[in-house]
Amino acid sequence: MESDILLHRFDYGDFILQANLQSIIDNPSLSNLLDNIKKEKKSIDSNVKSWHYGWHVHKEYEQFKHLSEIIEKISIEEILKKEWSTYKDTVKLQFYESWVIDYTMLGFTQEHRHYPNVLASSYYIEVVGEVPCPLIFTNLIKERKNIEFELQPKTGDLFIFPGHLNHKVKAVGYSKKLVRKVFAGNLIMV
Ligand SMILES: [Fe+2]
């Protein structure tokens, strides 16, 4: 697992962890589950402007609980123990809220951040498309310059980042093919 993990580093200790869990997660089954949830549940209102349902998906559905436990474990092993090791023996990281998103062509997410949650995570259950639809970070600093940083997700990708990082997702616009199903969640220190 460790060799699949990449840490994009920025100034002031900021980072974005990137991993691909394709080999250990049954994505087609999660994709079907999301489709079934979509049939039952109405979209909630938030900065996500596409169908999404939350905020305790990891408690309501066993398969998402399993995924949240894997994300929690990676956060503890790779972030708490290595990046924030001062706290490794005194606190734990715990999954707190979660939601699922199904983006349409015109779907987007307004710029936002997840503070005061210490970490935010985004897992890509299924990504199919001809047009790039990156997750865009807008307030990262590298070499003392404010930069935008984009990550282009593919199926099975997991991104974990500090909750104070601003980010957004733009609408794709017209495209013959677009599937972008996401499981996202926040982690807190306990
Ligand atoms: Fe977000």
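Which residues of H3 are buried? The points below start there.

1. **Ground rules.** This is a predicted model; local features need pLDDT of at least 70, side-chain atom pairs count only at pLDDT 80 or more, and totals for chains, interfaces and linings use all residues. Residues are numbered from 1 along each chain as its sequence is written.

2. **The buried side of H3.** The buried residues are Phe64, Leu67, Ser68, Ile71, Glu72, Ile74, Ser75, Ile79 and Leu80. Buried means 20 or more other C-beta atoms within 10 Å of the residue's own; exposed means 12 or fewer, and partly exposed lies in between, with C-beta atoms placed from the backbone. Viewed down the axis of H3, these residues fall within an arc of 165°, so they line one face of the helix. The arc is that of the directions from the helix axis to the C-beta atoms.

3. **The other side, and the length.** Glu62, Glu69 and Lys73 are exposed on the face of H3 turned away from its buried side.

4. Contact here means C-beta atoms, placed from the backbone, within 7 Å.

5. **The core.** The largest nonpolar core has 40 residues. Such a core is a set of buried Ala, Val, Leu, Ile, Met, Phe, Trp, Tyr and Cys residues joined through C-beta atoms within 7 Å. Val100, Leu119, Tyr123, Ile160, Val182 and Phe183 touch the most other members. E2, H1 (27-40), H3, E5, E7, E10 and E12 each supply at least two residues of this core. H3 gives the largest share, six residues.

6. **Leu119.** Leaving out residues up to four places away in sequence, Leu119 touches Ser75, Ile79, Leu93, Ile160, Phe161, Pro162, Gly163 and Leu187.

7. **The whole chain.** The chain has three helices and twelve strands. These are DSSP runs numbered from the N terminus: helices are H or I, at least four residues, and strands are E, at least two. Of the 190 residues, 33% count as buried. Among contacts between residues at least 6 apart in sequence, 81% join residues at least 24 apart.

8. **Gly173.** This residue sits in the loop between E11 (167-169) and E12. Gly173 is exposed, with 11 other C-beta atoms within 10 Å. Its C-alpha is 40 Å from that of Lys82, 91 residues away along the chain.

Terms used: Two residues are in contact if their C-beta atoms, placed from the backbone, lie within 7 Å.
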